[in-house]
Amino acid sequence: VSRYFRFVTLSHRWGSGEPLLRDIEGRSIYVMSTNGGFGKLQAFCAIAGEQDYLWAWSDTCCIDKDSSAELQEAIGSMFVWYRRSALTITYLSDVSDTNSFLSSEWFERGWTLQELLAPERLLFYTQTWSLYMNLRSSNHKTDVAVLEELGRATGIESRFLTNFSPGMDDARSRLQWASSRRTTRPEDIAYSLFGISLFGIFDIQLPVLYGEPAENALGRLLAEIISQSGDISVL
C-alpha cells in the first residue's frame, strides 16, 4: 500500500497563468491548454509518470486557496509534505540546458528554501525539462558537483543540504539562509520558516496571521526562537 501511494512534489517559481484547484478539479490536465502554468503542470505529471509514480502534488492546484482554513493548514504542513515525498522535481524555468543554475531566481525565493532542505531525494530540471547537467543520477543531492554548486548558490553547508533536521541548532545560520530571499507577501518570509506544524525549519508552532505586518511576523518568530533556545545572538 505504501508503495502505491508514494507521491512526487513539484518545486518551482510561480509564473503567470498557474492552474488553481477549481481549474482542474474533475478534469484531465492533458486535454487542457499547454499555455503558462498548465504546460508546466502537464510536463511535471508526465515526468512523475515516467519515473513510475502514480501521484503528483503541486502547490498551485492541490490546495484550495479559497479556503482560509485549508490554506493555513497547508502552510504549516508544507515541510513535512516535501519531506515525505518519494521525489521532489525542481523546475528551473530560467536555466537553459547549457547554463549553471547559480543565477536562478529559484534560489532567491522564500518558500523554496524549505523545498530545498526538506526532500531526501531531489532532481533539478532545466527550462526544457531536461535533467540539469544531463546528470542521470537518481538523486542530485548525492552528486558532488551539484552539492558544490548548491553551496555556492545558497551559502548552506552540504551536511544540511543532504541531511537536514528541523530544530534550534545554530538558529542564527538558519536565519541567515533566508535573509536574502524574497516573498510576494512580506509576512511570508517568516511563515516559510515556521508554519503551524512541528516540521518546519525551526520545529516550532506558531499561527499564520495573514495581514499582519512583516515585522510582527518576524518578531513572533524571533521571540519563539529565543524562548526555546535561549540564543539571543539571532537578534
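This is a predicted model: local features need pLDDT of at least 70, side-chain atom pairs count only at pLDDT 80 or more; totals for chains, interfaces and linings use all residues.
1. Start with Q51, which sits in the loop between helix 2 (36-50) and strand 2. Residues are numbered from 1 along each chain as its sequence is written, and side-chain values use heavy atoms, with hydrogens and water left out.

2. Is Q51 buried or exposed, or something in between? Its relative accessible area is 25%, so Q51 is partly exposed (buried means under 20% relative accessible area, exposed over 50%, partly exposed in between, with a 1.4 Å probe and protein chains only). Not counting residues up to four places away in sequence, Q51 touches L87, R121, L123 and Y125 (contact means heavy atoms within 4.5 Å). With R121 there is also a side-chain to side-chain polar contact at 3.5 Å. A polar contact is a pair of N or O atoms within 3.5 Å; within protein, one must be able to donate a hydrogen and the other to accept it, and residues adjacent in sequence count only if both atoms are side-chain atoms. As for R27, it is 24 residues from Q51 in sequence and 22 Å away in space, C-alpha to C-alpha.

3. Four strands make an open sheet in the order 2-1-3-4, with parallel pairing (two strands pair if DSSP finds at least two bridges between them). Strand 2 (55-57) and strand 4 (122-125) are at the edges with a single partner strand each, so one side of each lacks a neighbour in the sheet. From one strand to the next the twist averages 25 degrees. Angles run from 0 to 180 degrees between N-to-C directions, and axes are lines fitted to C-alpha atoms, for helices over the stretch in contact.

4. Strand 3 deserves a look. Strand 1 (residues 7-11) and strand 3 (residues 87-91) pair in the parallel sense over four bridges, and L87 is the bridge partner of V8. Strand 3 also pairs with strand 4, again in the parallel sense over four bridges, with Y91 opposite Y125. Five of the five residues in strand 3 are buried: L87, I89 and Y91 on one side, T88 and T90 on the other, so to speak a strand covered on both faces.

5. Helix 3 (residues 68-84) lies across strand 1, strand 2 and strand 3, at about 125 degrees to strand 1. Which kind of pair do W57 and W81 form? Their ring centres are 5.3 Å apart and their planes at 65 degrees, so the pair is edge-to-face. The rule: rings of Phe, Tyr and Trp (its six-membered ring) pair if their centres lie within 6.5 Å; planes under 30 degrees apart count as stacked, over 60 as edge-to-face and the rest as tilted. The pair links distant parts of the chain, W57 in strand 2 and W81 in helix 3, 24 residues apart. W57 is buried at 12% relative accessibility, whereas W81 is partly exposed at 28%.

6. By that rule the count comes to 16 aromatic pairs. F101, W106, F107, F124 and Y132 form one aromatic cluster.

7. On packing, the largest nonpolar core has 34 residues, and F101, F124 and L150 have the most contacts inside it. Such a core is a set of buried Ala, Val, Leu, Ile, Met, Phe, Trp, Tyr and Cys residues joined through side-chain atoms within 4.5 Å. Elements supplying at least two residues each include helix 3, strand 4 and helix 9 (214-229). A second, separate core of 21 residues includes I47, Y53, A86 and L87.

8. Last, the loop between strand 4 and helix 5 (144-154), where T126 is found. T126 is buried at 1% relative accessible area, and its side chain makes a polar contact with that of D97 at 2.5 Å. Phi is near 60 degrees, a positive value in a residue other than glycine, for W129 and for M133.
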